[in-house]
Amino acid sequence: MSEFLDALETRDTAAREAALMAALPRQVAHAQANAPALARILAGVDAAAITSREALARLPVTRKHELLDLQRASRASDPFGGFAAIRRGAAMRRAYASPGPIYEPEGMAADWWRCARALYAAGFREGDLVHNAFSYHMTPGAFIMESGAFAIGCTVFPAGVGQTEQQLQAIAELRPTAYTGTPSFLRILVEKAQESGTDIGSLKKALTGGEALPPTLRDWFAGHGLAVYQSYATADLGLIAYETAAREGLVVDEGVILEIVRPGTGEPVAPGEVGEVVVTALNPDYPLVRFGTGDLSAVLPGPCPTGRTNMRIRGWLGRADQTTKIRGMFVHPSQVADIVRRFPEVQRARLVVSGEMANDVMTLRVEAGTQAQGLRERIAEAIRDVTKLRGEVEVLAPGSLPNDGKVIEDARSYK
């Protein structure tokens, strides 16, 4: 059985680059013709001339917060903000809502998110039963993994999130061989299984996403008999990059063109320099051109030791903006503002994310002139309502928070 999903992974680098640059002008022209927002963003661009990375770098970058703003401005006429090239009906299988809210379409193609490549590199094979613990509620995470698993020939148990005891029972009785979900929830399952004496030893491999996978946590899983790999995907772009058995960074997916640019600009950085990940997806249904993810990374020199020849990146190195992923969900500065607006007594606020080994702790620190009865509890309820996550609340005296413009502070340890 081949170590690779297909021959694309081991192409000559020059042949791959030629194929990508041949597809690029067609994708730009397609976006201009079928996605109204991109027609405006790319107005005046000669698509036929966009045949190199240098030409691509001259096009504007659209960042996630801009996508959110454009969607909000066109809710009545088009909830996708003019970025989708397909419409509801036979061409669109599902529509999703990610925190913001940002709405994303899914087309009808098999493995529309291209996740099979990451699963295959993680050792998933035909006949595996996959315990899929990503949420099936509103967001596409579960379906990204599920569609890739189907493409390989796996069977999927749609576990979703929560209900730990029932999930452990299902693992013990169904005997799945593989797991998909966040690394933090997998750790919870392993620890709870040890505490309860539940046999989940059938699980041997995992592909995680939604959170960073620190080396310490990966080694912890290995000590419990689990080979855990990480993937880098977004609801907007699908798979961007994936880990291989070499454990040296992440290999870029074959269906995207990836750039590393200086944060806040569209200017590519020097090889090896840390910058923002900008992606052009060769997806006809959702033809995002130079989409700024807000994630920081850097290019790793040389090919992957496994024989895969595509570009590699170092993995997730933080955020270029203050939008932060917590327990697999993005939290935006605008959501913190939405919480604060509900409480006139709150003057300023800062959301602090702390913890290590995928144990995220979210604390909203607020300045309030008065500490009305039940204020902390009401703010905690608002956090759950707005972000869909649980968080602690600290009420501070006015003037306690630093005057540095930060709304979200990521103080987590990734060692």
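**View 1. Strand E11 is covered on both faces.** Val 256, Leu 258 and Ile 260 on one side of E11, and Ile 257, Glu 259 and Val 261 on the other, are all buried (under 20% relative accessible area, 1.4 Å probe, protein chains only). The model is predicted, with local features needing pLDDT of at least 70 and side-chain atom pairs pLDDT 80 or more, while totals for chains, interfaces and linings use all residues. Residues are numbered from 1 along each chain as its sequence is written, and side-chain values use heavy atoms, without hydrogens and water. Because 6 of the 6 residues of E11 (residues 256-261) are buried, the strand is largely enclosed by the rest of the structure. Strands are DSSP runs of E with at least two residues, and helices are runs of H or I with at least four, numbered from the N terminus.

**View 2. E11 pairs with strand E12.** The two strands are antiparallel over 6 bridges, E12 spanning residues 275-281; pairing requires at least two DSSP bridges. Glu 259 has Val 278 in E12 as its bridge partner.

**View 3. Strands E9 and E10 run antiparallel.** E9 (residues 238-242) and E10 (residues 250-252) are joined by 2 bridges. The bridge partner of Tyr 242 is Val 251 in E10.

**View 4. Helix H10 packs with helix H11.** Between H10 (residues 333-341) and H11 (residues 375-387) the angle is about 140°, and their axes are 10 Å apart. Axes are lines fitted to C-alpha atoms, for helices over the stretch in contact, and angles run from 0 to 180 degrees between N-to-C directions. Gln 335, Asp 338 and Ile 339 of H10 meet residues of H11 including Ile 379 and Val 386, contact meaning heavy atoms within 4.5 Å.

How values were computed: Buried means under 20% relative accessible area, exposed over 50%, partly exposed in between (1.4 Å probe, protein chains only).
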